Amino acid sequence: MSANSSSRIIRFSTFEINLHTGELRQRGQKVKLQEQPLQLLAALLERPGELVTREELRGKLWPADTFVDFDHGLNAAIKRLRDALGESAERPVFVETVARRGYRFIGNVEKPAATLSALSDLKRLEQDTEPGRIPTKVQPTSTSDPWTRKRQFVGALLAIVVLAGMGGGWFLWRRAVESRSSQVPATLRRLTTNASEIWIIASAISPDGKYLAYSDKTGAYLRLRSTDEVRPLLAKVSDITFLGWFPDSSQLLVSWTIPPARKSLWAVSILGGNARQISDEGWSASVSPDGSRIVFLKGAGFGETGQEIWLMRANGADQRKLMSFPEGGFALPVWSPDERWIAYVKFKSGPNTYESWIELFNLEQGTKTVVLSDPHLETWGFLWLPDGRLVYAMDEPPPSHYSSNFWAARIDLSTGRFVGTPARITSGDGFAVKPSVTADGKHLVFNRAKPQADVYVSEFSAKGPRLSTPHRLTFDEGDDLPFDWTPDNKAVLFISNRTGTTNIFRQRIDEASAEMLVVDQEKKSAICRLSPDGSQILYSVPTNPSDNSQPVRLMRAPINGGPPQIVLEAPAIGNFECSHAPAAICAFGQENPKDLVISVFDPAIGKPHEVAKLQKQTTDWGWGLSPDGTSIAAITFGAADNRIRMLSLSGQTTRELILKNWTGFNSIDWSADSKGLFVSSNPAGLRQSLLYVDLAGNAHQIWEVNHFGSTWAIPSRNGKYVAILASTLDSNVWMAENF
């Protein structure tokens, strides 16, 4: 084969297309494909990861003077292409539909080698990064205290949609920010094209700019940027949530969890050899510019956050705690170029507020300086550039408020203060997270993440217990969160933002479309429940959506249509739940700064009275009311606590269930017969485990999903089915230049 024809071969997964001969092959075998679907595939492969509009495809497939039913022809060509690739529109692997706009190739594309000069580097990488050379357990070189986790995320991603269930509290951290600069954004280029099934978890560019390290659920990989050739780095480690480089570009700092242990820090050489554990607890680390010290996080945090900042030598010795913040947390500690300062994002959440700010710590003087405080500041995107500028992520204003982008502001290293006006670096859809930069400051690499929450349905049996394979119920592009079932057990009630605002929907489990309920102009909170007899929908409407400490109206409306009515009004109402008939009570929780107060009420006339009070912990409470109306089960979100508090409403003594080997709880819901509990656990921040817990405290894992987002299970009234919240994520690596 000539060099020219070889350069026209594009490979993806087990397929390769020869643009010169017009042939598609899979594992060497020719795949029959007509000319138009082949041209369509070639057009999508020209711009992997980018939207190719229907109009662009029309121009490529049909000349201007051709008279044809374009929509039918394109749809038919897409279907034939998907059939050849073995996928469907509902479960795309390579070709993604962008509704009413066009299509996008989402597979991982391999380009032909660009030059022969990189062959020596490739050979070295091939020899020195052989799969299987990294152990799953080694002797630690240092020790530290136990750690735990809070409730949200994975360490690569910001507080996108915080799905903290308790049968389901839903907190949408969607905030707006005013534009601060008219500067033209940097040049952006997409580096990976992973499908949502194998989304990018962490990434980092080497200081010399030569390598890109990244991880997904299959392991960690090293890409030689000059040729785009990829070699496995840690092929047998699947839970890598953090990647960082040492200054010499020959070693990586990596964090992962070996169950049931906590997340630990390792040094991995790209030249080969075993991984070396340098701290048995730690993540979100940063190596000093001279390579001698490492600053990192410990303590009970969610995702890649922590409640403590620590400092140690590069070999793991001389660990000491710099500071702690148990009432909130830290994210992404980084070094200043002169090594005199450490910068980090600090945050604190209350029952009705969320605060975040950038703080600097002077290592010589031990002083702290706040340089930026803004509620629109994101937790997961932060970096100190070699030229002294701080890079941070801010939420976009509506209608792009499901996105964030990077800004940069110069710091005076003598005072630790901002100088000049912040300038925008990036512009794009999705959340910009996990930045890294080359030593010359010319290449900024980051993840662009787009999460989505959907409803899945499964059959459940307490015998075993067992869960059938969940199937997806909702297929829209919004976030869908299940909260209840209709009394006939045939339809799920869920909250969705698919219309641009929060609304209540009902969808039968044997149908593909949903019906909106309670159509009005009220700004509803993100929870809905049915009354005990199933005839009324209960939902809440805050009088001041930006301040939940103000009165919240609890409303009811007939499920089959009719005007809504106020049930009661009280401040700081969060979660609320109802029993099932014949029991006829409902309960709501009021989240105060010092405690959670739970009150029961009549769903028809209100009249609440307090039945329980739980003292505020370092993390928030999640709770659920049993369907028989006799008990409340409560957990602390995401902490090291492995207890479930069982509060009796019938005068019995409060007791505790101890769940052996399980922590990091982020939802709790009762089974339909009130004889068990569905609890989700995510101690490592990346893998959600859905548990069924009997009332003796025996926990059984019934489902597992590799994702950061919370999950929960809502049983149908007959107990035969459960509606499950599960999230998908599109996350890939991008690079910014000329910033």
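**Helix and sheet packing**

In α3, Arg54, Leu57 and Arg58 meet Phe70, Asp71, Leu74 and Asn75 of α4 (contact means heavy atoms within 4.5 Å). This is a predicted model: local features need pLDDT of at least 70, side-chain atom pairs count only at pLDDT 80 or more, and totals for chains, interfaces and linings use all residues. Residues are numbered from 1 along each chain as its sequence is written, and side-chain values use heavy atoms, with hydrogens and water left out.

- By class, the contact of α3 with α4 has three nonpolar, one polar and three charged residues (Ala, Val, Leu, Ile, Met, Phe, Trp, Tyr, Cys and Pro count as nonpolar, Asp, Glu, Lys and Arg as charged, the others, Gly among them, as polar).
- The axes of α3 (residues 54–61) and α4 (residues 70–85) come within 11 Å and cross at roughly 85 degrees.
- That makes α3 roughly perpendicular to α4 (65 to 115 degrees).
- Axes are lines fitted to C-alpha atoms, for helices over the stretch in contact, with angles from 0 to 180 degrees between N-to-C directions.

**Sheet**

- Three strands form an open sheet in the order β5-β7-β6, with antiparallel pairing (strands pair if DSSP finds at least two bridges between them).
- Helices (H or I, at least four residues) and strands (E, at least two) are DSSP runs, numbered from the N terminus.
- β5 (51–53) and β6 (95–98) stand at the edges, each with a single partner strand, so one side of each lacks a neighbour in the sheet.
- Three bridges join β5 to β7 (residues 102–105).
- Val52 stands opposite Tyr103 in β7.

**Helices on the sheet**

- Helix α2 (residues 35–46) lies across β5, β6 and β7, at about 65 degrees to β7.
- α3 packs on the sheet and touches β5 and β7; its direction makes about 65 degrees with that of β5.

Definitions and conventions. Angles under 35 degrees count as roughly parallel, over 145 as roughly antiparallel, 65 to 115 as roughly perpendicular and the rest as oblique.
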